[in-house]
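Open the structure in your viewer and keep the selection tool at hand. The stops below say what to select next and what is there.

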Amino acid sequence: MFKALSLRQRLLLLVLSITALIMILITVLALDSATRGFATQTNRALIARSQSAAYALDGYIASVSATTQALAAVLNGRDHPPIHAIWHPASQVLTDPETPIARIVVARPFRDDRQIVSFRRPDASVRVAPLANVITPARPAPVNRLATATTDTVMWFGPQPGYRARAQQAVMAAAIRFVGADQQPTGLVWAEVPVESLTTVVEAAVNLDPIWRTATLLILDADDNVITTAGTTRTASQDITAAVTAAQLDETVIVAANPFDLGSPAYATRSAIPGTGWQLVSLIPTRIIEEPLTQSNMEIVLLMIAGLCVLGWVVSGFANRTLTAPLGVLTQAAQEIGAGAMRFQISHIDRQDEIGELARALEDMKRSQSDTYERLAQARRTLEYRVTVRTAELHKAQRQAQDHAADLLAVYEISLSLVNEYFLQTILQRLTEHVPSLLDAPYCAIWLRMQDEEWLKLVATTTLASTHLGREISVNDGIAGAAIRAAKPIVVDDYTDWTNRLDWTPLKLKRALCVPLLHSGKAIGAIVAGREEHAPVFNDNDRRLLALLANLASPVVRNAQLFDQLDDAVQRAEQANQVKTRFLASVTHELRTPLNLIINNLDFMRIGLFGPVTDDQRTRLDQAIRSSENLLYLINDLLDVSKIEAGEMQLFIQPTELQPIVVDALDSGIALMTDDHAVAIQLDLPEEPLPQIPVDARRLRQVLINLLSNAIKFTKQGEIWLQVRVRDDVVEFIVTDTGIGIPEEDLETIFRAFERSKRAKQLGIEGTGLGLAISRHLVEAHGGKIRVETTVGAGSRFSFVIPRRIHAARDETATMVPVAPPANTSAD
């Protein structure tokens, strides 16, 4: 923390710390001496004031005792009742305004009872004291107390209630016996003094001193019982015993407890009251006595703090002028120079001390860096200019992009829902669903031109006007006809008063917007949007959004129309193809029927159905049967090849389950095996079910059978595998064998029609050379490719892939696909 302070603060802290330590030591010594002197003076002053109050109370009590003795003297030596003898003196005493006596009571025996005569203080206007004469067997407290007394001096009793007093006021009674004519004690007289008057006398004696105005005083009897309390606390607390016990006669002590709830320890002093044996205990809070001393100490401390502040100010000013301020100026100069402000003037260069050396070093650094900062400033200005220009260009491009994005975002989701659709009605229905939410317009209708282009047909609309679907109007009628003729959007703010409106449109339609569907510059239809009367008119943004949507939807709508037309054309082509198919079937039947008859008859002859056959004849018959079957296969292959080369081969593409095709092809391949084949055919399918893909099932089966047939022909022993692999976008078929393999030089010719490998010819393996050629064209017609991998003596691997979707725009339910003639005959 000390390291974080500045140099001036460190110097100031060091000077103030040393000075404060010295001043604290001096102050502690001075305060200790003053405290001891103050304690002695306080003890003397408290004892003197307490004795003064005790003497004042003693004089007050002595006057009451003297009055009581005088009254007893009046009654001494008399045997008659005391009323007449005492009434006049008692009235003089009680009517005296200076007397503290409130009541005078005389008691003497009367027969078996006791006569008690009491005189009380009269009102101010009355000069005779009222009396009360009572004959009673009761013995008042003074009578009981003096009954056992052995002296005829005045005795004090109380505090107690006054005799027959109406107010419950505590009094002290000064009582003395009087004697009769025989000089024997006859009765007694006592004077009642209110305890409150004693309190008043004591408080009057001490209130001359301001300190004693906060004191608490106790008047104690000879037995240390509290007669009354005076001062600030009139009610004794539980600490009275400790306070009385702690106080010593004519000596001052400190009571550590909290007597009479004074709130702090107190000084306690005990003084004797000579005339009665009573004592006066004075309690003064120490905080009151010590307050002047505390105030004096505070003044000394404040004076010391003030001195330290003045010293700190002087030292700080000196350090600031000679050290801190120059360093601050030089620090600012270094910062300004570091920030590039080379015009900043460095002061204190003329000083000959360390500050001057530092100032001159900064001046040298400023001059050395001035050129560098100038070059950097020039480069910065150039860079800032380029950044400003580029930023303006980016902001302009950003605003343009945001404007374009606002339009594109509005129709983005709608366009996504349309681009992959091929059915016209679905496209139109989605447009009528999205346009109302896009433009906040409850009405939407789509009109398309009919084939004669002179009439328009309502092909889609919202439920508000669904009853009018299929209606036809002239291209010259309605807002749709106007937009198609003008080939631009039309906005009508009040459609109900528009001259060319249609009467059967919804009655609540008030605002109208129509945008033509343009394709290749020609209007093929129009989109109409409408709002009710309370809705706002269509603005430029609405027109732009609907025009943008129409531009995106027009190609989709046109493609859907063409798809419908294509579907119609395909259906007509299929009808024509059926005629051709029937013709080919008829021709094939005409060729195959006699050939099958020849094969059957030859087979019957071979088995001896027409008579005995020699071995030589049977051999020749077998040759004739094989030749006939080869001729039948040749006829089928020739028909396929001729169709391919003539462009008449067609595929019947439809979603097809692959599992039955693969199993059927495998069964057909097994049927081709003879007894001399020691071959195991295995099928390898994925764990998941094979998908349904759009293919010509018969041609796919034909390709698989051709590949399996070739594998069986060229594999006399070993294994043949038929594998199917499903990928993301294609299905792969693989036929692998462990046969003789194909030489590399024959790979270019095996896919040509009527071409066979040299090794097959050398081994005498039969074949026409058409199977692979036909298979290749059928695979390519499906959009796939066929490949071959082979090793001579180890076997061959033929694989081909079929796309899982033939064409994105083609209806895959059932499609006739023409197979184009081959462009070349080289193997892929």
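Select Phe604, Met605, Ile607, Leu609 and Phe610: together they form a nonpolar patch on the surface with about 500 Å² of accessible area. A patch is made of residues with over 30% relative accessible area and no salt bridge, like charges being joined within 9 Å and nonpolar side chains (Val, Leu, Ile, Met, Phe, Trp, Tyr) within 5 Å. Accessible areas come from the Shrake-Rupley method with a 1.4 Å probe, and for residues only the protein chains shown count as cover.

This is a predicted model, in which local features need pLDDT of at least 70 and side-chain atom pairs count only at pLDDT 80 or more, while totals for chains, interfaces and linings use all residues. Residues are numbered from 1 along each chain as its sequence is written, and side-chain values use heavy atoms, with hydrogens and water left out.

**Helix H11**

Keep Met605 selected; its place is in helix H11, residues 540-606. Helices (H or I, at least four residues) and strands (E, at least two) are DSSP runs, numbered from the N terminus. Met605 counts as partly exposed because its relative accessibility is 36%. Buried means under 20% relative accessible area, exposed over 50%, and partly exposed in between (1.4 Å probe, protein chains only).

A salt bridge is a side-chain nitrogen of Lys or Arg within 4 Å of a carboxyl oxygen of Asp or Glu. The two residues are 3 apart in helix H11, so about one helical turn separates Asp603 from Arg606. Asp603 is partly exposed at 27% relative accessibility, and Arg606 is partly exposed at 25%.

The structure holds 15 salt bridges. Select Asp664 and Arg701, whose side chains meet in one of them at 2.1 Å, N to O. Asp664 lies in helix H13 (residues 658-671) and Arg701 in helix H14 (residues 697-713), so this pair ties together parts that are 37 residues apart in sequence. Asp664 is partly exposed at 31%, and Arg701 is partly exposed at 30%.

Next, select Asp494 and Lys510, which meet in a salt bridge of 2.7 Å, N to O. Both lie in the loop between strand S15 (490-492) and S16, so the pair ties together parts that are 16 residues apart in sequence. Asp494 is partly exposed, with 26% relative accessibility, whereas Lys510 is buried at 15%.

**Loops with positive phi**

Most residues other than glycine have a negative phi. Glu453 is found in the loop between S12 and S13 and is partly exposed at 31% relative accessibility.

Then go to Ser520, where phi is near 55 degrees, a positive value in a residue other than glycine. Ser520 lies in the loop between strand S16 (511-519) and S17. With a relative accessible area of 71%, Ser520 is exposed.

**The second largest pocket**

Which residues lie closest to the centre of the second largest pocket? The volume of this pocket is about 590 Å³. Of the 20 residues that line the pocket, Arg449, Met450, Gln451, Gln561 and Gln565 are the closest to its centre. H11 gives the most to this lining, with 6 residues. The lining of the second largest pocket divides into 7 nonpolar, 5 polar and 8 charged residues. Here Ala, Val, Leu, Ile, Met, Phe, Trp, Tyr, Cys and Pro count as nonpolar, Asp, Glu, Lys and Arg as charged, and the others, Gly among them, as polar.

On a 1 Å grid over the protein atoms alone, a pocket is an open set of points with protein on both sides within 12 Å along at least five of seven lines; a cavity is a set where a 1.4 Å probe fits but cannot get out, and lining residues have an atom within 4 Å of a point. Grid points are joined across faces, edges and corners, and a volume is the space filled by probe spheres set on the points.

**The largest cavity**

There are 2 cavities of 30 Å³ or more in the structure, and the largest has a volume of about 90 Å³. Select its lining, which includes Tyr443, Trp447, Ile479 and Trp504. H10 gives the most to this lining, with 3 residues.

**Helix H16**

Finish at helix H16 (residues 771-781), where 10 of the 11 residues are buried, so the helix is largely enclosed by the rest of the structure. Gly783 follows H16 and has a positive phi, near 90 degrees.
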